[in-house]
Amino acid sequence: MFSQTSKLIAEGASLKQVSKQFKFTEGPAVDKKGNIYFTDQPNDKIWKYDTEGELSLFMDKTGRSNGLYIDKKGNIISCADQNNELWSISPKKKITVLLSDYQGKKHNGPNDLWIDAKGGIYFTDPYYQRDYWERKKPEMEKQNVYYLPKGKKEAIVVDDNLKQPNGIVGTPDGKYLYVADIRDNKTYKYEISADGSLANRQLFVSQGSDGMTLDNQGNLYITGKGVTVYDPSGQKIEQIPVPSGWVGNVCFGGKDRKMLFITASESIYTLNMQVKGVE
């Protein structure tokens, strides 16, 4: 049970463990109806948690999907790091490869993504050595943040000055982008320019993050050891302890978008909130 004075968590709410049958959960993304899709990356599966609280397997053999985001047409856009690609997976599970390399070099391993109103995709590309890769080192010198304009086959580097970018999320008005540099233990806020490039990078908080999300009050939810929430000015306003060792990602779902959905290693959890998600 959480403090009754919380401005974020619903009165009387407690953290509920939905399931602990996974190896490592990641990438929760919400569709228009409030259903959530998430990955169990080591097992190469995408699962669905619907608005009725039912858990079901959506897809097997997902290109080792990690971060997910659902576009306006209901396609799951996936960071498929088996071959370091971005995929679009249709509701009928038809796969389209959106991106496969950068200037002839393999990406490190697209990790997390956010889609803007124009359909352009921002994504992070850290290097985490996978046991299912043949390669033992990256083909690129840097771990960058990229922007893939809608309809294009090659992304644009929008920040090449991070140690290991991971979590990423943008504001619903399309003005700002947050990116976590997990290895440097920092999260930055950028202004998004009209052409998709980023400007005026500022340190938002001295804390890194795996996945991230925003609520309708502009608060940023950072993951790792539990979930930490910062208001738009960078003030820490809530710490949500989660009993699993590592929280990989978080998003809002449910019919009213007031359920916080937490992917935490072997487990998934829900927590009823007063605030709503914006994705």
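**Turns, strands and loops**

Student: Which residue takes a positive phi in the hairpin of β14 and β15?
Tutor: It is Gly174, with a phi near 75°, in a hairpin that has 5 residues between the strands. Strands here are DSSP runs of E, at least two residues long, and helices are runs of H or I of at least four, both numbered from the N terminus. This is a predicted model, so local features need pLDDT of at least 70 and side-chain atom pairs 80 or more, while totals for chains, interfaces and linings use all residues. Residues are numbered from 1 along each chain as its sequence is written, and side-chain values use heavy atoms, without hydrogens or water.

Student: How do β14 and β15 pair?
Tutor: Strand β14 and strand β15, residues 176-181, run antiparallel over 4 bridges, where pairing requires that DSSP finds at least two bridges between the strands. Within that pair, Ile168 has Val179 of β15 as its bridge partner.

Student: And is β14 mostly covered or open?
Tutor: Strand β14, which covers residues 165-170, is mostly covered, with 6 of its 6 residues buried. Buried means under 20% relative accessible area, exposed means over 50%, and partly exposed lies in between, with a 1.4 Å probe and protein chains only.

Student: What about the hairpin of β20 and β21?
Tutor: There, Gly234 takes a positive phi near 95°, and 5 residues lie between the strands. Strand β20 (residues 226-230) and strand β21 (residues 236-240) are antiparallel and joined by 4 bridges, with Thr228 standing opposite Gln239 in β21.

Student: Changing topic, which residue other than glycine has a positive phi near 60°?
Tutor: That is Lys61, which sits in the loop between β5 (55-60) and β6 (65-70). Most residues other than glycine have a negative phi. Lys61 counts as exposed because its relative accessibility is 59%.

Student: Then Ser265, buried or exposed?
Tutor: Ser265 is buried, because its relative accessible area is 11%. Its phi is also positive, at about 55°, although Ser265 is not a glycine, and its place is the loop between β23 (259-264) and β24 (267-272).

Student: Where is Lys33, and what does it touch?
Tutor: Lys33 lies in the loop between β2 (25-30) and β3 (36-40). Leaving out residues up to four places away in sequence, Lys33 touches Thr51, Gly254, Lys255 and Arg257, a contact being heavy atoms within 4.5 Å. The C-alpha atoms of Lys33 and Gly253 are 8.6 Å apart, although the two residues are separated by 220 residues along the chain.
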